[in-house]
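Open the model in your viewer and keep the selection tool ready. This tour tells you what to pick next and what you will find there.

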Amino acid sequence: MKRLSFYFTLVPVFGFFPAWWRLYRHQGSAQEQAISRLAMTLAFLWLSGYILFGTAANHGELGSLPVLIGGSLWTTTYFLTCFGLMVRLSQGKSLWLPGIGQISDRLP
């Protein structure tokens, strides 16, 4: 049952909400808290990049097509990272990501 909640937490975009709720309510084990922080960090990084790419496409001088392609790659990378974390979860491997894991570990 716990694994199923981990999968819901790692769902791109929508997994933010169960992760936020778990952290807000201070529920779950240390592992659940760590996975929730990682999911929220990934979601915030994706959202900030998505907003930046969208703004650059509307107001940039480089032309909108290359920026829109960059935004698509950014979103695809986010989805594939979440999928890769789900695969690692099913294999019982660590879900720690270099760089991003360090950022999420600093969150309260």
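Start at His26, which sits in the loop between H2 and H3. Its phi is positive, about 55 degrees, although His26 is not a glycine. Is His26 buried or exposed? His26 is exposed, with a relative accessible area of 67%. Here buried means under 20% relative accessible area, exposed means over 50%, and partly exposed lies in between, using a 1.4 Å probe and protein chains only.

A word on what you are viewing. This is a predicted model, in which local features need pLDDT of at least 70, side-chain atom pairs count only at pLDDT 80 or more, and totals for chains, interfaces and linings use all residues. Residues are numbered from 1 along each chain as its sequence is written, and side-chain values use heavy atoms, with hydrogens and water left out.

**Whole chain**

Zoom out. The protein chain has five helices and zero strands. Helices (H or I, at least four residues) and strands (E, at least two) are DSSP runs, numbered from the N terminus. The C-alpha trace spans about 50 × 30 × 25 Å along its principal axes. Of the 108 residues, 34% count as buried.

Select Val13, in the loop between H1 and H2. Val13 also has a positive phi, about 65 degrees, and is not a glycine. Val13 counts as partly exposed because its relative accessibility is 29%.

Now pick Phe8 in helix H1 (residues 2-10). Leaving out residues up to four places away in sequence, Phe8 touches Gly15 and Pro18. Contact means heavy atoms within 4.5 Å. Phe8 and Pro18 are 10 residues apart in sequence, and their C-alpha atoms are 7.3 Å apart in space.

**H2 against H3**

Show helix H2 (residues 16-24) and helix H3 (residues 30-59) together. They pack at an angle of about 130 degrees, with axes 9 Å apart. H2 is therefore oblique to H3. Axes are lines fitted to C-alpha atoms, for helices over the stretch in contact, and angles run from 0 to 180 degrees between N-to-C directions. Angles under 35 degrees count as roughly parallel, over 145 as roughly antiparallel, 65 to 115 as roughly perpendicular, and the rest as oblique.

Which residues of H2 meet H3? They are Phe16, Ala19, Trp20, Arg22 and Leu23. On the H3 side, their partners include Glu32, Ser36, Met40 and Phe44.

Stay on Arg22, in helix H2. Arg22 counts as buried, because its relative accessibility is 12%. Beyond four places in sequence, Arg22 touches Ser5, Thr9, Gln27, Glu32, Gln33 and Ser36. Arg22 and Arg37 are 15 residues apart in sequence and 9.4 Å apart in space, C-alpha to C-alpha.

**The core**

Finish inside. The largest nonpolar core has 19 residues. Such a core is a set of buried Ala, Val, Leu, Ile, Met, Phe, Trp, Tyr and Cys residues joined through side-chain atoms within 4.5 Å. Select Leu10, Leu38, Leu42, Tyr78, Leu85 and Leu95, which have the most contacts inside this core. H1, H2, H3 and helix H4 (64-91) each give it two or more residues. H3 supplies the largest share, seven residues.

Last stop: Leu42. Setting aside neighbours within four places in sequence, Leu42 is in contact with Tyr78, Thr81, Cys82, Leu85, Leu97 and Ile100.
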